[in-house]
Amino acid sequence: MIPPAASRFSVGLALGVTVLLVIVAALNVFPSIEAPRVVKLPKRREPSTACLGGRRDECPAAPDEGMPGARRWPADTLPVQLAALDDAIARATSSPIAAIDARALPVLPAGSDAADARASLAQQIVDFFEYGSRPFVAIPAYWNASATAALRAEVLRFQSLGCAEPGEGADMRTFECERYSELARTMRDDALVADVARKYLGIEPDKPFKLHTVLAGHVAHTPGKLVASGGGWHRDAAFKGIKSMLYLEEVHRDNGPFTMLLNYDDALFAELWDRADPKGRRSRFNDSVVHDALTARAQDAATQPGLPVPTALEILGAPGTLVIFLTHNIHRGKVIEQGERTSITTYYNVGPPPGSAKYRNCKARRRA
């Protein structure tokens, strides 16, 4: 017989009390059992850009927009640095293969008037350029050590997440790397380099011109394999172009230093392009042909006083060194013999906006 409602209520209440007592007893028997705690992970913080402009590890009190590194130079100190670089190039180009170390150049002092002097700084750099003989400037300590190390860590992080592809020289390359790194975006927005590019390319201030891309490059020695950033001697194109390359670690003669060809015969090299290039590009040059041409020209220079000696000039430097160079001058990344080299390169030229680089297996967060 079904019990009345009051009886059913009494039975339910008794069962509820019994279950509650069992739970309390279990907690007393197993006091170490605790409910799982939900731990909130802190949000990922991007590295601060506050110290990018200091010399070595000094930080400016209040950096302006963009990359504050060179903006703090007094304009009248740059000629000293450029004169030292000119002297270093002159001394190095007495042999077919040579090197200069940017650490031997003076580090420019900080100053408060550099923001107003940026146009003057850019013009001085452009005036220094000379195709074939002075196709670059090397600026030591353009970024300080801590910011450079932070950017290098970011490059290795997003490349390890699949955001890269192999280049012609078996180096790993990430185009539009500013989409994965705020620090790389800071290099993209470097106002001094942009001013140099605009002035050298002859672009009026009110005319658009493009930053092709920001490239993160990493090259590592692989036993039994020839690895070289850029895949050998080449020029990017026959027309004018500007790049800047920021060294993210120490660059020495064995870890694939950036190398420029100086004092070469342009007409001769126009005929020495690599016929074996699979794309038929007249901008590529075979290593052995370049070596033979350099050796022959050096022998001619030995018997003809005043004839410039063609030189493969390796550009060495500490982390934070910036190299701004002419891309239509022949250059290369030297074959890496040991260690690794990481860098950030900005490309400037005239033309339409670049396309978007996409990496199928990239797992890093991509910014707009």
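Modeller: Exposed, as the word is used for this predicted model, means a relative accessible area over 50%.

Colleague: What makes D87 and R91 a salt bridge?

Modeller: Their side chains meet with N and O 2.9 Å apart, and because the cut-off is 4 Å, the pair qualifies; D87 and R91 are four residues apart in helix α2, a separation of about one helical turn.

Colleague: How do you know that C163 and C362 form a disulfide?

Modeller: The S to S distance is 1.9 Å, and since a disulfide requires sulfur atoms within 2.5 Å, the pair meets the rule. C163 lies in the loop between α4 (145–160) and β3 (165–166) and C362 in the segment after β11 (340–349), so the link ties together parts that are 199 residues apart in sequence.

Colleague: Why is C163 called buried?

Modeller: Its relative accessible area is 0%, and because buried means under 20%, C163 falls in that class.

Colleague: What makes R134 and D86 a salt bridge?

Modeller: The closest N and O atoms are 3.4 Å apart, which is within 4 Å, so the pair counts. R134 lies in the loop between α3 (114–128) and β2 (136–139) and D86 in helix α2 (residues 78–92), so parts 48 residues apart in sequence are tied together.

Terms used:
Residues numbered from 1 in each chain as written. Predicted model: local features only at pLDDT ≥ 70, side-chain atom pairs only at ≥ 80, totals over all residues. Heavy atoms only, no water. Helix = DSSP H or I, 4+ residues; strand = E, 2+ residues; numbered from the N terminus. Buried < 20%, exposed > 50% of the residue type's maximum accessible area, 1.4 Å probe, protein only.
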